[in-house]
Amino acid sequence: MGAVWQERLDHLKAVIEADIAKNEYYGVVLKVGRGGVLVFDEAIGSAYANGERPLNKDDVFSLFSVTKAFTNVLIMKAIEEGRFQLTTKVRDVLPEFTGKPREDATFFHLITHQAGMPGVWTPKPGMFLDRLQELFDESIAHVHGTSQPGEKSDYSPLVNHVLMGMALVRTDPKGRSYQTLLHEDLFAPLKMDSTSMGLRADLGGRHVRPDMRGTVPIKHLSRNIEGDHALFEDPQVEAPHVGCASTCGDLWRFAEMLRREGELDGARILSPRMVRLARKVHTGDKPNELYKGVALRAGWVVPPANQGLGFQVRGTGVFQHLFGQLSSPETFGNYGAGSTMFWVDPEADVSFSFLSAGVMTQAANIERCGKLSDIALSACL
């Protein structure tokens with residue numbers, strides 16, 4: 001393990017405490033490791049606005065779009081197994097996916113957010129978002145291509161990962177459900193024992209219910225439980241874009257697998273070649289259309305999309321970024337709805353796992369995460 005600057009890590013905790021005191025968010029569970037050794041491991045603040053429930057290190061959080069990272073890794077695994085290729089057209093696996101121009105999209109386009117479909121949060125207004133088959137059917141029926149695949153990078157909140165989830169189920173040699181194959185092919189091998197698709201019943205007592213604070217434009221409806229965001233409390237969910245729950249420790253194990261280029265504690269999920277390809281920028285200098293809007297509204301320089309295979313990649317240049325300014329160009333990771341994030345910096349040999357309570361707006365979260373990432377990286381000597 002490389003040397004660390006302990007005073008700077010102490011300062012990281014103090015900065016988080018100061019942010020919480022200003023009510024920017026309620027609390028954070030954060031793990032930072034260097035060379036596989038934890039150098040920062042803290043639960044700070046509270047789960048809810050009233051401050052009465054302190055956060056614990058083993059609390060379970062709804063991951064939102066960090067769920068996409070698990071889907072992405074299983075897609076890469078399927079490619080390594082020869083079930084399809086990056087260059088395979090989606091329609092060759094999912095023949096319902098027809099109509100110009102979307103039918104020209106490949107799995108490469110899906111996993112790099114370049115499929116040319118609009119960035120919708122739900123395929124059909126008011127629908128339940130808890131069943132993969134229904135999400136797929138309504139996406140096929142209602143979400144059509146608006147540009148030629150490869151022409152733009154436009155973050156897909158839902159459709160791309162619904163398609164990839166269905167492709168995994170359709171090509172699974174064991175014929176498993178999406179929930180089952182996630183557990184058996186990813187969570188169990190990595191000993192992510194407190195991670196599940198849908199909020200597994202035994203995790204409910206540790207769950208930090210998401211407080212959206214008016215930041216998310218849609219409802220996450222479940223047919224089994226009432227509430228605007230009940231999907232995050234339902235064990236029966238199969239939503240490959242947002243449906244998982246996990247702890248900071250489990251998410252750190254997932255990040256460690258990626259830092260170690262596909263293997264952890266003897267369990268190999270991916271090959272080093274795939275991980276190295278995944279952490280390259282595959283979108284050139286194109287902006288991400290969704291985050292272009294965020295930047296313009298905040299008065300920032302518009303950054304490049306810097307999409308890898310299923311991961312956001314830091315790339316080069318100085319601009320607002322979740323991974324900060326001090327991260328190396330191949331730093332890669334995922335984030336979710338103003339509250340969850342992990343990243344891996346291969347050059348600094350650092351894994352960063354971050355779950356927070358009190359969902360922030362996109363711009364405020366980018367600034368917050370960039371600041372905390374830079375402080376953590378500055379502690380790596």
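**Before you look: how residues are sorted.** Ala, Val, Leu, Ile, Met, Phe, Trp, Tyr, Cys and Pro count as nonpolar, Asp, Glu, Lys and Arg as charged, and the others, Gly among them, as polar. Keep in mind that this is a predicted model.

**View 1. The lining of the second largest pocket.** This pocket has a volume of about 150 Å³. Two elements, α7 (178-187) and β4 (196-197), each give two or more residues to its lining. Look for α7 in particular, as the largest share of this lining, 5 residues, comes from that helix. Other parts of the lining include T195, G198, L199, R200 and P235.

View 2. The lining has 5 nonpolar, 6 polar and 1 charged residues.

**View 3. The largest cavity.** Now turn to the cavities, of which the model has 6 of 30 Å³ or more. The largest cavity has a volume of about 220 Å³. To find its centre, look for Y291, P303, Q312, Q320 and I366, which lie nearest to it among the 20 lining residues.

**View 4. What surrounds the largest cavity.** Both α10 (289-298) and β9 (312-313) supply at least two residues of the lining. Helix α10 gives the largest share, 3 residues. Sorted by class, the lining of the largest cavity divides into 14 nonpolar, 5 polar and 1 charged.

Technical notes:
Residues numbered from 1 in each chain as written. Predicted model: local features only at pLDDT ≥ 70, side-chain atom pairs only at ≥ 80, totals over all residues. Heavy atoms only, no water. 1 Å grid on protein atoms, 1.4 Å probe; cavity = no way out; pocket = protein on both sides within 12 Å on 5 of 7 lines; lining within 4 Å. Points joined across faces, edges and corners; volume = space filled by probe spheres on them. Helix = DSSP H or I, 4+ residues; strand = E, 2+ residues; numbered from the N terminus.
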